[in-house]
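I opened my notebook for a new protein today. Here is what I looked up, entry by entry.

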Amino acid sequence: MFEKLVEMLKPSPGSEILLFLGGVLGLQLSRLSIYSIILFAICYAFLVHITIRRGSLIGLVLSGTLAALVLSLRFKYLTWGDPWFEYAMIQDIMKSGMISPEYYPDQEPTFHTLIAAASVYTRIGAMELQRFVIPVLGTLSILALYRLSREFLDRDTSIVSALLLSVGTAYIHWISQAVTESLGIAIALIALYISYRALKETRFIPASILLITGLVLTHHLSTLMFIAWWNFFAIPYVYLVSDNPRDALRGMIISTFSLAAALFWWSSRMPNILAPVSKAVDSIFHMHNALALIFLILGLIYALPFLKPFILKRVRDVADAVLSFRTAIYFGCILIGLFGAFMAMNLLLGRSFFVLKYPILFFGNGFMMLILAVIGLQTYLYRDKIPILTWASATVILFIGSLLKVYAAEDPLRFIEFLYPALSVISASGFLNISKMLSPGVRASVIAVICLISLTLAFPAVVFWGQEYPPSDIRYDPRSAVISHPESEMIAIEYLGEYGAHGSLHTDRYVSYASMHLENITSDTSIALLLNSRAKSYGRETLDPDKFPKGDNFVILTQRMKRYAEFGEWLLKEKTPLKDAESSKIDIETSRVYDNGDALIYNRRIGDR
């Protein structure tokens, strides 16, 4: 039946566009009736199927875009918390027209100036542009992955790898949010592909430098990961694959420029980023100012093949000898991968130094990708494919190092999303290895089902099922309570702005994020973010009227907080709902100024103490 329906669509040149629009319509209508999500699921599955059968790049981009727009189409407002911080930064630029630190504290201006300028010139609301433009731009990463993997692999593997990336749990979590990371990972992957082309052809170097500069101005972690990606990819390529010693010089130009550009910007505008990076590097090398040593080491590594070309033959002879023990290396890689997976699971299940409670279904895509990667790994144990394997190892090493506390990383989970591009390539080979006996149509159907299920499991149940579930249900996910911001909450926040409030706001993290764009209101969360002190941020004691600071104090409480609330716990403490005693004290000792049945606003002015 599925194949017959696909055949009916196949003759139409615009079938991919029609399916994309059908998926968009299904997600949009799901705000009115969750059953409309079925239309999205059908259109998306057919779109992926046709993409595989035709090897269609248009279908690839459209299916990736549809996946990235799930949250933007499913909900009316920005989701989660981080996108609201970005929105507040956009508002700062639009109000001041400047990006100097005193007006614009974030100092990663590419994302924010792009949306601010687009909003001014198009007269479209900044929030709408952020919600839709950034995820769409983020999907350029899957096209970049396709082009990069196509340099080493066949078309089918490249298409499948890009599709697997588009629904990878950690990847889609950030791409769909419309945050700096959404743009950062896309620019990092595009920069990696263009830099690879520059490694072989000098004419691509200006484009590579331009992209790297844009990346530095977009997102610090994506920049750091690009530097690691590039050196773990380019050095093996130069030593094991390249036939031209001049490639080493081009590789050195890109490597030193990316590191120098990042350090220059961080030292001049973002010392809060440079300090932990420098400290981490110093702890690895057990010396002060180790960043200077990295420049020296990288310079020598890249210069050696050009100055002493005979070294390449010796290195390749050794590599061939080592790779002759392919089976042992294969099982060694599996053991390292299993160790990393165990540590990741330990962290995600809240058994490490973070307090987390992800549902078991959340791990479905990750388990599948690891199994496929184990099957596909042998494809990359050949000298001409080693750069792909070492590219993946860059993120694995950084992730494991952060979990072992070799260096301090604020949130080790952020490394996982940067593992997905290389992991998707290896997993794609695994899938094609085990599906050789299947007909092309059946294989495309299997990929369509995998992508649909992976996409469904990547988000809390409320996204595709339309409701929260009790802890006894396998679909229970506490994140369902905070992924979206209800109308009642947003109306209360806007009322606070119209009320002319001027002072401090005390509420939980998610409401606080959504209120960051308000003028003359400073929330506890915004103070913690701008001081970059999450680990030392506020706690729920800020809700205590006895501890309010001098001036006007406002409190926003919602019904959701009685089920799930997060104050200053972040990932470090157990989160507990708002207690009756806490809300009662606020009700007694402050004045209620607003009540819409779901959200309450209280006010209390504290004079000089």
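Is Glu151 buried, partly exposed or exposed? I looked it up: Glu151 has a relative accessible area of 29%, so it is partly exposed. My cut-offs are under 20% relative accessible area for buried, over 50% for exposed, and partly exposed in between, with a 1.4 Å probe and protein chains only.

**Ground rules.** I'm working on a predicted model, where local features need pLDDT of at least 70, side-chain atom pairs count only at pLDDT 80 or more, and totals for chains, interfaces and linings use all residues. Residues are numbered from 1 along each chain as its sequence is written, and side-chain values use heavy atoms, with hydrogens and water left out.

**Salt bridges.** What does Glu151 pair with? Its partner is Lys200, and the closest N and O atoms of this salt bridge are 3.4 Å apart. Lys200 sits in helix 12 (residues 180-200), while Glu151 is in the loop between helix 9 (140-150) and helix 10 (155-166), so the pair links distant parts of the chain, 49 residues apart. I take helices (H or I, at least four residues) and strands (E, at least two) as DSSP runs, numbered from the N terminus. Lys200 is partly exposed too, at 30% relative accessibility.

My salt bridge rule is a side-chain nitrogen of Lys or Arg within 4 Å of a carboxyl oxygen of Asp or Glu. A search of the whole structure gave me 23 of them. One of these joins Arg203 and Glu201, at 2.9 Å from N to O. Arg203 is exposed at 61%, whereas Glu201 is partly exposed at 26%.

I also noted Glu589 with Arg604, at 3.5 Å from N to O. Glu589 belongs to helix 28 (residues 580-589) and Arg604 to strand 5 (residues 599-606), so this bridge ties together parts 15 residues apart in sequence. Both ends are partly exposed: Glu589 at 30% and Arg604 at 27%. Then I found a network, in which salt bridges with shared partners join Asp82, Glu181 and Arg414.

**Strands.** How do strand 1 and strand 2 pair? Strand 1 (residues 503-506) and strand 2 (residues 521-523) run parallel, over 3 bridges. I count two strands as paired if DSSP finds at least two bridges between them. Gly503 stands opposite Ile521 of strand 2. Strand 1 also pairs with strand 3 (residues 551-558) in the parallel sense, again over 3 bridges, and there His506 stands opposite Val555.

**Core.** Which residues touch the most other members of the largest nonpolar core? Trp391 and Leu455 do, in a core of 187 residues. Such a core is a set of buried Ala, Val, Leu, Ile, Met, Phe, Trp, Tyr and Cys residues joined through side-chain atoms within 4.5 Å. Its largest share, 13 residues, comes from helix 14 (residues 220-240). Setting aside neighbours within four places in sequence, I listed contacts of Trp391 (heavy atoms within 4.5 Å), including Leu145, Leu189, Trp229, Phe232 and Pro421.

**Whole chain.** I counted 28 helices and 5 strands. Buried residues make up 56% of the 609 residues. The C-alpha trace spans about 80 × 65 × 50 Å along its principal axes. Of the contacts with a separation of 6 or more, 73% join residues 24 or more positions apart.
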